[in-house]
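Here is a short tour for a reader meeting this structure for the first time. Take a look at the model, then read on.

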Amino acid sequence: MARIDKKTGKKVLSGSLLGAGVLLAIALFIIVNYFGWKYHQRFDWTESQLYSLSEKTENVLAELDRDVEVVVFMSPGDELFSAVSEQLARYEAGTPRVEIRYVDPEKNLLEAQTLVDKYELSHLNVLVFDSGDDRRIVDSTELADYDYSGMQYGQNAQLTGFKGEQVFTSTLLDLMESRKPRILFTTGHGELSLDDQSPEGMSLARELLGKDNFELEEWATIGQAQVPPGTDLLVIAGPDSTFLEPELQMLRSYLAGGGRMLVLLDPTLATGGGLVPTGLESLLLEFGVEVGDDIVVDPSNPLPFFGAETLFVTSYSDHTIVRSLDQAQLPVVVALARSVGLAPEIEGYQMQELMRTTADGWGETGIDNLEAVELDERDLLGPVPLAVAVEPASEVAEGEEGTPSDPVAESAGPEGQMRLVVVGDSDLATNTQLQNVPNATFLANALNWLVERETLVGIPPKQPEQVKLSLTRTQLSRLTWLVLIILPGLVILAGLTVYLRRRR
């Protein structure tokens with residue numbers, strides 16, 4: 001029997017161990033890649049979670065009822081390409097119904113031309129959302145905000161915000177819905193205007209809500225017998241004069257028949273003292289909402305550089321409209337508001353406060369002398385409610401009869417599920433205040449809840465932070481020496497040290 005010498009045995013053993021190690025490494029590589037493919041997870045390392053999908057988008061993706069192919073006509077060298085591709089990758093990972101396809105017009109000219117003819121595109125740098133029987137085209141210019149102030153000094157426009165998620169989610173929603181909810185904004189009583197681009201206007205609201213797939217129109221109530229059929233929601237924003245009795249009766253009938261209404265009231269000062277009566281106060285009282293003749297102040301929670309009547313609110317209820325704001329502790333800015341609270345309980349309705357001041361706030365009733373504002377026994381003690389939501393009680397919604405003596409409760413039965421939101425301030429919806437993201441969130445959440453689109457009630461996308469590194473001349477010089485001289489020198493020195501030791 002041949003004997004294997006000791007040296008050969010060591011070689012065989014070493015080779016066997018090496019082969020086993022290679023096989024083990026290959027098996028480990030396959031296992032890691034399998035689990036990575038099956039249970040992959042994407043991370044967002046940006047400080048503001050720029051690419052993370054909001055609750056709103058996750059809800060839309062969960063409700064997506066059709067396959068959508070997103071064709072991206074952008075060159076990888078485009079300034080927005082990396083942000084667009086990273087954002088869309090999260091949509092694709094969030095639902096199997098979204099598929100992303102990239103076409104580089106510079107490298108794939110023939111394919112690009114074929115798709116341009118198919119989608120009838122007039123130019124490139126666009127994204128096409130195609131659901132098969134319908135499509136939407138998004139221009140890359142809609143995806144970002146720029147600061148052009150430096151162009152007069154020869155500087156390029158600076159990217160200040162990426163709006164990809166807002167645009168992409170709105171486009172998916174537009175493909176899903178067969179019709180847009182129709183919202184009418186009343187006119188004729190000094191209400192805020194959707195076309196007004198001044199700080200006190202609502203042109204920004206039109207832009208923001210249009211992205212949520214609402215159809216917004218203005219409508220004069222004077223001389224009308226009823227709210228136009230097909231109206232999903234009626235908004236009364238900041239009236240400063242009185243509604244006539246026929247108008248109030250029309251609004252009463254609209255609500256009683258299952259209408260939806262958002263009322264934004266202000267403490268408008270009357271010439272002879274007190275507040276201007278809008279006539280809505282008595283109407284709202286019938287539905288369990290009590291509007292105070294006061295001006296809300298909160299000295300412990302003011303907005304910096306403003307008076308006590310301008311405050312930011314962080315105290316919310318657990319209602320669907322404000323739940324996301326409460327969880328993120330996002331402050332809604334309120335300016336010159338009046339209290340809006342709960343009246344004695346009315347059978348057939350459930351009412352809930354949405355937000356309130358701190359315990360140090362109060363409703364100032366001494367309106368005739370606002371120069372000396374201080375708490376006294378006549379004022380409404382805090383926390384002061386600022387907004388209320390009303391809907392039919394669950395037993396009414398399930399078909400239980402209302403009180404026979406209450407025609408409103410009877411008419412708000414299963415065939416008419418009314419919803420009502422009343423806020424003691426209209427300034428929170430103006431162009432100035434909507435630049436505060438929580439204000440825009442509150443307005444969008446309220447409208448989505450009113451038209452029963454709870455799927456869209458969530459936190460809006462965050463704006464990207466602009467990170468800049470400012471260095472002095474001395475710091476820049478030290479950094480240059482470190483990168484170009486010291487670090488390479490240390491590597492060379494370490495190499496020489498190893499070489500000399502081996503020579504010995």
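Start with two helices. The axes of helix α9 (residues 320-328) and helix α12 (residues 437-450) come within 8 Å of each other. They cross at roughly 150°. Angles over 145 degrees count as roughly antiparallel, and α9 and α12 are therefore roughly antiparallel to each other. Their crossing is right-handed.

Which residues of α9 and α12 meet? From α9 come Thr320, Ile321, Val322, Ser324 and Leu325. From α12 come Pro438, Thr441, Phe442, Asn445, Ala446 and Trp449. By class, this contact of α9 with α12 has seven nonpolar and four polar residues, and no charged ones.

This is a predicted model. The protein chain has 504 residues, and 44% of them count as buried. It holds 13 helices and 21 strands. Take the contacts in the chain with a separation of 6 or more: residues 24 or more positions apart account for 73% of them.

Helix α3 (residues 81-94) packs with helix α5 (residues 164-176) at an angle of about 40°. The axes of α3 and α5 are 11 Å apart. That angle makes α3 oblique to α5. The crossing of α3 and α5 is right-handed.

On the α3 side, the contact is made by Val84, Gln87, Leu88 and Tyr91. On the α5 side, it is made by Glu165, Phe168, Thr169 and Leu172. By class, the contact of α3 with α5 has five nonpolar residues, two polar and one charged. In an α-helix there are 3.6 residues a turn, so residues three or four places apart point the same way.

The table sets the two pairs side by side.

| Helix pair | Angle | Axis distance |
|---|---|---|
| α9 and α12 | roughly 150° | within 8 Å |
| α3 and α5 | about 40° | 11 Å |

What is the span of α3, from its first C-alpha to its last? The 14 residues of α3 reach 20 Å, close to the 20 Å expected at 1.5 Å a residue. Several residues of α3 are buried: Phe81, Ala83, Val84, Ser85, Gln87, Leu88, Ala89, Arg90 and Tyr91.

Now turn to the loops. Glutamine 197 lies in the loop between β7 (182-187) and α6 (203-211). Is glutamine 197 buried or exposed? Its relative accessibility is 70%, above the 50% cut-off, so glutamine 197 counts as exposed. Leaving out residues up to four places away in sequence, glutamine 197 touches Ser203 and Asn431. Glutamine 197 and threonine 430 are 233 residues apart along the chain, yet their C-alpha atoms are separated by 9.4 Å.

Some backbone angles deserve a look. Most residues other than glycine have a negative phi, and most peptide bonds are trans. Glutamate 120 has a positive phi, near 55°. Glutamate 120 sits in the loop between α4 (109-119) and β3 (126-130). With a relative accessible area of 68%, glutamate 120 is exposed.

Glutamate 452 has a positive phi too, near 60°. Its place is the loop between α12 and α13 (473-503). Glutamate 452 is partly exposed, at a relative accessible area of 45%.

Where is the cis peptide bond at proline 383? It joins glycine 382 and proline 383, with omega about 0°. Proline 383 lies in the loop between β19 (380-381) and β20 (385-392).

Note on methods:
Residues are numbered from 1 along each chain as its sequence is written. This is a predicted model: local features need pLDDT of at least 70, side-chain atom pairs count only at pLDDT 80 or more; totals for chains, interfaces and linings use all residues. Side-chain values use heavy atoms; hydrogens and water are left out. Axes are lines fitted to C-alpha atoms, for helices over the stretch in contact, and angles run from 0 to 180 degrees between N-to-C directions. Helices (H or I, at least four residues) and strands (E, at least two) are DSSP runs, numbered from the N terminus. Angles under 35 degrees count as roughly parallel, over 145 as roughly antiparallel, 65 to 115 as roughly perpendicular and the rest as oblique. A crossing is left-handed if the near helix is turned anticlockwise from the far one by less than a right angle, and right-handed if clockwise. Contact means heavy atoms within 4.5 Å. Ala, Val, Leu, Ile, Met, Phe, Trp, Tyr, Cys and Pro count as nonpolar, Asp, Glu, Lys and Arg as charged, and the others, Gly among them, as polar. The expected span of a helix is 1.5 Å times one less than its number of residues. Buried means under 20% relative accessible area, exposed over 50%, partly exposed in between (1.4 Å probe, protein chains only).
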